[in-house]
Amino acid sequence: MNSGHFPHALIIEGEKGIGKKTLALEIAAALVCRGDEKPCYECSQCKKAFEKIHPDIQEYIPSGAANSFHVETVRDIINDAYIQPNEAEHKVYILADADCMNASAQNALLKILEEPPSYAVFILTASSKSAMLETILSRCVAVTLEGVDIDVGARLITEKTADVDFNTARKTLETFNGNIGKAIDSLKDTKTAELVGVCGEICKALAGGTEYDALKACSALQKDRQSVVFVCDMLKNIFRDALVSDGREYISGQAESAKLLKERVTRQKLMKLTETCTELKKAALMNVNNSLIITEICCRLFDCLRVGR
C-alpha cells in the first residue's frame, strides 16, 4: 500500500467476529492517510477515518427485515462514486456483509467494478464469498481471515474488557479458535458458556451415552437458531481435534471432549461426524423448524456412529 498500488476491489472473507470490518477500516484509513507509514494514526485523515467522519470513506451495512442490500443502495453508491473525492486521493466504499446482496444488487455493483473511477476503492466483507456471483469474484482480490495468535489476542482482550484476567481471556479465545469478537461476546454473555456445555454433553453421549442424552442436552437450543449454528460449528471443531490434534493444540479449546472422542470413536466415524456437522449447519441456516433440526442433529450424529457396523 505504501507503494501506491492497491486493487480497486477487495473481498475480506471470514466468520463473524473475526475482524473483517476492523481490517476494512484500517485499509480505508491507510488509503486516505498522509503519513509516511500508512495508516499513521496521527494525521488528520487517519483521525477522521477512525472517528468515522471522513467524507471520502463511506460504510454500508445490510438493512431491513431481510438483512440484505437493496439494489437502490448499490445505485446510490455508483452515483456517488463518480463524484471526485473531497479531501483524499481515494474514495473508499466499505460494503459490510456483502454476501447478503441478492443477484440484482450484485449485478448492479458489477457495472462499477468493471469500469471503476481510478480513485474509487471497494472493500467488501463476507462470511462466505461462495454466496457471491462469479462475475463479482473475478473482479476482486479476495483474502480470508483466520483467528489471531492466542497470546496476542488475550492481551488485547484484557485491555478492552474490564475485570477479565489474561488466563480467562486466553482460555476463552482458545474456545473460539482465535476469534476475538466471539471471545469478547462470550465473556459478556453467559449464554455462550451454556452452549459450550451443551457441546460437551453431546460429545459424552456420542462417546458412550444414548441418543436421548444428546436430545436432552439440545433442549437449550429450542428457541434460538443462532445457538444451533454455534453448536454445529463447535462440534465440527471438536471432531476435527479428535481426528488430527497432536495433543498440544486444540482449535476448539475443548481438549477433554476431543480426547474422549479420540479414545472411543473410530477415525472413520469421526470423519463422518465432521462432514455431517457441515450439512447440519446448512440446514440450520435455512428456514427450518428448530424442533425438527434439533431432532435431526441428534439422529444424524448417532447415525454416523453406526457407519461400518
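The model is predicted, so local features need pLDDT of at least 70 and side-chain atom pairs count only at pLDDT 80 or more, while totals for chains, interfaces and linings use all residues. Residues are numbered from 1 along each chain as its sequence is written, and side-chain values use heavy atoms, with hydrogens and water left out. The secondary structure comes to 14 helices and five strands; helices (H or I, at least four residues) and strands (E, at least two) are DSSP runs numbered from the N terminus.

**Overall make-up**

- The C-alpha trace spans about 65 × 45 × 30 Å along its principal axes.
- Of the 309 residues in the chain, 45% are buried; buried means under 20% relative accessible area, exposed over 50%, and partly exposed in between (1.4 Å probe, protein chains only).
- The chain exposes about 16100 Å², and carbon and sulfur atoms supply 49% of this area. Accessible areas come from the Shrake-Rupley method with a 1.4 Å probe, and for residues only the protein chains shown count as cover.
- Among contacts with a separation of 6 or more, 70% are between residues 24 or more positions apart; a contact means heavy atoms within 4.5 Å.

**Salt bridges**

- The structure holds 14 salt bridges, each defined as a side-chain nitrogen of Lys or Arg within 4 Å of a carboxyl oxygen of Asp or Glu.
- Lys21 and Asp97 meet in one of them, at 4.0 Å from N to O. This pair links distant parts of the chain, 76 residues apart: Lys21 is in helix α1 (residues 20-32), and Asp97 is in the loop between β3 (91-95) and α4 (103-114). Lys21 is partly exposed at 42% relative accessible area, and Asp97 is partly exposed at 21%.
- Asp233 and Lys281 form a salt bridge at 3.2 Å, N to O. Asp233 lies in helix α11 (residues 225-244) and Lys281 in helix α13 (residues 267-285), so the bridge ties together parts that are 48 residues apart in sequence. Asp233 counts as partly exposed at 22% relative accessibility, as does Lys281 at 27%.
- Glu279 and Arg300 form a salt bridge at 2.2 Å, N to O. Glu279 lies in helix α13 and Arg300 in helix α14 (residues 290-305), so this bridge ties together parts that are 21 residues apart in sequence. Glu279 is partly exposed at 37% relative accessibility, and Arg300 is partly exposed at 25%.
- A network of salt bridges links Asp151, Arg170 and Glu174.

**Aromatic pairs**

- There are three aromatic pairs in the structure. Rings of Phe, Tyr and Trp (its six-membered ring) pair if their centres lie within 6.5 Å; planes under 30 degrees apart count as stacked, over 60 as edge-to-face and the rest as tilted.
- Tyr41 and Phe50 form a stacked pair, with 5.2 Å centre to centre and 20° between the planes. Tyr41 is partly exposed at 43% relative accessibility, and Phe50 is partly exposed at 30%.
- The ring centres of Tyr93 and Phe122 are 5.3 Å apart and the planes lie at 20°, so this pair is stacked. Tyr93 lies in strand β3 and Phe122 in strand β4 (residues 120-126), so the pair ties together parts that are 29 residues apart in sequence. Tyr93 and Phe122 are both buried.

**Helix α13**

- Helix α13 has 19 residues and reaches 28 Å from its first C-alpha to its last, close to the 27 Å expected at 1.5 Å a residue. The expected span is 1.5 Å times one less than the number of residues.
- Buried residues in α13 include Leu270, Leu273, Thr274, Cys277 and Leu280.
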